[in-house]
Amino acid sequence: HGNRVSSMMELNNFKLHLTVPGRTDAEVGSMIYFSYPDVSPNSSEDVSKSNEDRFYSGNYLVTAIRHKINLFNHTMTMEIVKDSLSNKVNE
């Protein structure tokens, strides 16, 4: 029981809420790739630097979707979670 509670609490470490254009084929339980832009300043000598944040970009599990449909558009508010970092923090 203790391991399950601990694992469920860890899912809240990387939980994001996104509002995106609506799609009718989106499902809870799907894996998506989320690309978060890197906001650190660029230096002129670092041309090999990626444009993605190395901690927040990556594969996420969709845990909730709320569709909002009106006469003019369709949007989704998605809750996505990531269970770990793909890179070490001290790198």
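This is a predicted model: local features need pLDDT of at least 70, side-chain atom pairs count only at pLDDT 80 or more; totals for chains, interfaces and linings use all residues.
**Entry 1: S57**

I began with the side chain of S57, which reaches the backbone oxygen of D53 at 3.1 Å. That is a polar contact (a pair of N or O atoms within 3.5 Å; within protein, one must be able to donate a hydrogen and the other to accept it, and residues adjacent in sequence count only if both atoms are side-chain atoms).

Where does S57 lie? I found S57 in the loop between β2 and β3. Strands (E, at least two residues) and helices (H or I, at least four) are DSSP runs, numbered from the N terminus. Is S57 buried or exposed? S57 counts as buried, at 5% relative accessibility. My scale here: buried is under 20% relative accessible area, exposed is over 50%, and partly exposed is in between (1.4 Å probe, protein chains only).

I then listed what S57 is in contact with (heavy atoms within 4.5 Å). Leaving aside neighbours within four places in sequence, I got Y33, F34, S35, Y36, E52 and K82.

**Entry 2: the whole chain**

I stepped back and counted 1 helix and 4 strands. From the N terminus on, the order is α-β-β-β-β. Of the 91 residues, 15% count as buried. Among contacts with a separation of 6 or more, 61% come from residues 24 or more positions apart.

**Entry 3: salt bridges**

How many salt bridges does a search of the whole structure find? My search gave 2. A salt bridge here is a side-chain nitrogen of Lys or Arg within 4 Å of a carboxyl oxygen of Asp or Glu. Side chains of opposite charge can pair when their charged atoms come close.

One joins E79 and K15, with their closest N and O atoms 3.9 Å apart. This pair links distant parts of the chain: E79 is in strand β4 (residues 74-81) and K15 in strand β1 (residues 15-21), 64 residues apart. I looked up both partners: E79 is buried, at 18%, while K15 is partly exposed, at 33%.

Not counting residues up to four places away in sequence, E79 touches K15, L16, H17, L61, V62, T63 and A64.

R23 and D25 meet in a salt bridge too, at 2.7 Å from N to O. R23 counts as partly exposed, at 49% relative accessibility.

**Entry 4: the largest pocket**

R23 turned up again when I opened the pocket list. A pocket is an open set of points on a 1 Å grid over the protein atoms alone, where a 1.4 Å probe fits, with protein on both sides within 12 Å along at least five of seven lines; lining residues have an atom within 4 Å of a point. The largest pocket has a volume of about 260 Å³. Of its 15 lining residues, R23, A26, I32, M76 and M78 are the closest to its centre. β1, β2 (31-34), β3 (58-69) and β4 each supply at least two lining residues.

**Entry 5: A26**

Last, I checked A26, which sits in the loop between β1 and β2. A26 is partly exposed, at 25%. Neighbours within four places aside, A26 is in contact with I65 and M76. The C-alpha atoms of A26 and M78 are separated by 9.7 Å, and these residues are 52 apart along the chain.

Note on methods: Residues are numbered from 1 along each chain as its sequence is written. Side-chain values use heavy atoms; hydrogens and water are left out. Grid points are joined across faces, edges and corners, and a volume is the space filled by probe spheres set on the points.
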